[in-house]
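User: I am new to this structure and would like a guided tour. Where shall we begin?

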Amino acid sequence: MSFLMALIVSFIGALPLLFSQKKWTFGLFATVSTIILWPSFYFGLPHTIAPFLGALGGAVLVEWFIAAIITSLMNEAVSWTLGLPILFLLVFIGKGCESGAAVRHAEYATLLEKNAKNMEVTKREWTVDQQPKDPSHVRYVAPEFAMYRARKQLGNAQKEGAIGSQFYLVDSLMTAQRINGELWYLIPLDFVGWKVWTTTKDTGAPGFVKVHGEDPDGPISIVADRHYIYTPGAYFSRDLHRHLWNKGYRTKGLTAMKFEQDENGKEWFVTSTYRLSLGWNGEILTGVVIVDPTTGEDHWFPLDQIPDWVDLFVPGHFLEEWINMKGKYSGGWINSWWGKKNLFESEHASLNFGANGDLLWTAIVTSVNSKDDSMIGLYYMDSRTRECNFYHAAGATEEAVLKVVDSFVKFDNFYGTGPVIFNVYGTMASIVPLLAKDSHNFMGVAIVKIDDQKVVWGKSIYEAYRKYRNILTTADGMEIPENEVGRETITGIVTRTGVYQDTYYFRIDNHPFIFVASIELSPELVTMKEGDNVKVTFIPSQEDKTPVTSFDDLDQLTIPTFKQTEARERAKGYEEEGRMDRSADAIRERIKNMSNEDVLKLGK
């Protein structure tokens, strides 16, 4: 196909010579042009979705100029054929102006709505849609750490042999996917290079690495019994991109490849298709292509027939671009570069779990001012269904969160990566995995309260949750009452217990939850046993595992010593004094901010 395409373009490009009766020169020019364009098209894989068939039209324009110049030199005078490329160039320029933002700014500003489900973006209340999150289903394994674990596992593999010498993990194809209600990273193996491909092309790449995306100590496995013949790292007709191009997808726009697993455990390469609605811009999603890496079998699905297992239909960078166009042109084209009123842009979109378990792209919106690190809202888009919501919110941007976290843990030689926004105890918070600067090992989790940038960190997500609960305060510095964060307290008999890395798991009779508590919560957890009567306080959620905020084993009654009682009374006194001081400070601050009229009223 690439040869035929080069031949047709060369023939059309040489027409100025034919029109000037330069038949031999026409044949020579077309032949040389075909020889040059054939490898260019073979390796470049040009698509035809842009105006004038994209690169094909551009090649014709260049060849017309060259052919017209040759004709003029042979005639020793300016040839009339020079008018052909000039006219074509003017048409190119006209199309660019007609489809540009100066003329069609309103359409650029609505690209987000055009791609959203039912072509609408709904403004909603964040705390209503995003319920408090069970820490056991928080995505706090950053992609960077998942790749680190995968490479380490591949290097330590014994059963599979030294497959790392022939195949490598493709980080650009790493996909976060929901599998059986949990988040996993799938990272395919691909050929190291040409020499390896020539010796292994018939057996193919051996498989992939699967890394748990919710627990840094969670399961990780190497699947090495596959035979991936069609991959992005293969060559010639088995190159996955060329394979799709030859199958006719050159007439569709294709996004970056992803690697996903269906409900039957079979792997597919997945890429979304799109068309251009505004000249060379304005991507509109049209469907998805899935390819069997073993057989090369492909299927295209339109928007209303996308399989349920395809989680990443919407590319994250597309969402960012749509939001940027909305932020730039909603006030008109002139305002985008002159007045610059209410201009905003998207930060890097991150993948997140929604309240119902679906995967959502979360994009923080901030002003275009590079010195402004405050958030003005968030866009959430379902990565599969395209349902899109906007939430007004104020607080720190992702960049500001990472700066705060890095400053907070710098003496521990840690750094934050991959922050994700969740509802933690009824507040908007950013959960940030912490990695060691030297080894990139997982060291803990930081939680940042978005509105005032208060920070805590713990060695586990449960410890971080407990510490975060302790800093929740009202605007006046007073502790939040239990009922304001939706806590519940129950008493019951322990029916089952378990422990893993200082985290305790237990069930209570007549309750469906698995309760989870960190050792720092109470020393009584160590001696808790089945049959004990316990009292726990927790934040109710829709998850199977529920974090406990307080724990009391009623069967472990201990009589405190005189010194223990004295110390507890002293601590209560200090706590009460601290509350009074914070309340007094808050009142003083309120008085400072009062108007003269309010102060006079207070005096009466």
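Analyst: We may begin with a term: a residue is called buried under 20% relative accessible area, exposed over 50%, and partly exposed in between. At 44% relative accessibility, Phe 236 therefore counts as partly exposed. Please note also that this is a predicted model.

User: How many aromatic pairs does a search of the whole structure find?

Analyst: The search finds 35 aromatic pairs. In one of them, the ring centres of Trp 197 and Phe 236 lie 5.9 Å apart with the planes at 65 degrees, so this pair is edge-to-face.

User: What kind of pair do Phe 513 and Phe 515 form?

Analyst: Phe 513 and Phe 515 form an edge-to-face pair, with 5.9 Å from centre to centre and 75 degrees between the planes. Phe 513 has a relative accessible area of 18%, so it is buried. Phe 515 is buried as well, with a value of 0%.

User: Which residues form an aromatic cluster?

Analyst: One aromatic cluster is made up of Phe 52, Trp 64, Phe 88, Phe 92 and Trp 280.

User: Changing topic: which residues lie over the face of a ring?

Analyst: Arg 242 lies over the face of Tyr 42, at 4.0 Å from the ring centre. Lys 266 lies over the face of Trp 268, at 5.4 Å from the ring centre.

User: With which residue does Lys 266 form a salt bridge?

Analyst: Lys 266 forms a salt bridge with Asp 292, and the closest N and O atoms are 2.9 Å apart. This pair links distant parts of the chain, 26 residues apart: Asp 292 is in the loop between E10 and E11, and Lys 266 is in the loop between strand E8 (258-261) and E9. Asp 292 is buried, with a relative accessible area of 5%, whereas Lys 266 is partly exposed at 31%.

User: How many salt bridges does the structure hold?

Analyst: The structure holds 19 salt bridges. Among them is the one between Lys 449 and Asp 452, whose closest N and O atoms are 3.6 Å apart. Lys 449 is buried at 7% relative accessible area, and Asp 452 is partly exposed at 34%.

User: Where do Glu 463 and Lys 467 sit?

Analyst: Both belong to helix H15 (residues 461-471); they are four residues apart, so about one helical turn separates them. In an α-helix there are 3.6 residues a turn, so residues three or four places apart point the same way. The side chains of Glu 463 and Lys 467 meet in a salt bridge of 3.2 Å, N to O. Glu 463 counts as buried, at 8% relative accessibility, while Lys 467 is partly exposed at 28%.

User: Which residues are linked in a network of salt bridges?

Analyst: Lys 95, Glu 98, Arg 104, Glu 107 and Lys 114 are linked in such a network. Arg 104 is also one of the buried residues of helix H6 (residues 101-109), together with Ala 101, Tyr 108 and Ala 109.

User: What do the buried residues of H6 pack against?

Analyst: They pack against several elements, including helix H5 (83-98), helix H7 (111-115), strand E9 (267-278), strand E10 (281-291) and helix H13 (333-337). H12 is another of their partners.

User: Where is Phe 313 found?

Analyst: Phe 313 is in the loop between strand E11 (298-302) and helix H12 (316-329). Its relative accessible area is 0%, so Phe 313 is buried. Beyond its sequence neighbours up to four places away, Phe 313 touches residues including Ser 272, Leu 285, Val 288, Ile 306 and Arg 384. Phe 313 and Val 270 are 43 residues apart in sequence and 8.3 Å apart in space, C-alpha to C-alpha.

User: Finally, which residues form a nonpolar patch on the surface?

Analyst: The patch consists of Met 1, Phe 3, Leu 4, Leu 7, Ile 8, Phe 11, Ile 12 and Trp 38, with about 740 Å² of accessible area together. Helix H1 (residues 2-13) supplies the largest share, six residues. Phe 11 is in helix H1 and is partly exposed, at 44% relative accessibility.

Conventions: Residues are numbered from 1 along each chain as its sequence is written. This is a predicted model: local features need pLDDT of at least 70, side-chain atom pairs count only at pLDDT 80 or more; totals for chains, interfaces and linings use all residues. Side-chain values use heavy atoms; hydrogens and water are left out. Patches are made of residues with over 30% relative accessible area and no salt bridge: like charges are joined within 9 Å, nonpolar side chains (Val, Leu, Ile, Met, Phe, Trp, Tyr) within 5 Å. Accessible areas come from the Shrake-Rupley method with a 1.4 Å probe; for residues, only the protein chains shown count as cover. A salt bridge is a side-chain nitrogen of Lys or Arg within 4 Å of a carboxyl oxygen of Asp or Glu. Helices (H or I, at least four residues) and strands (E, at least two) are DSSP runs, numbered from the N terminus. Buried means under 20% relative accessible area, exposed over 50%, partly exposed in between (1.4 Å probe, protein chains only). Rings of Phe, Tyr and Trp (its six-membered ring) pair if their centres lie within 6.5 Å; planes under 30 degrees apart count as stacked, over 60 as edge-to-face and the rest as tilted. A charge sits over a ring if NZ of Lys or CZ of Arg is within 6 Å of the ring centre and within 35 degrees of the ring normal. Contact means heavy atoms within 4.5 Å.
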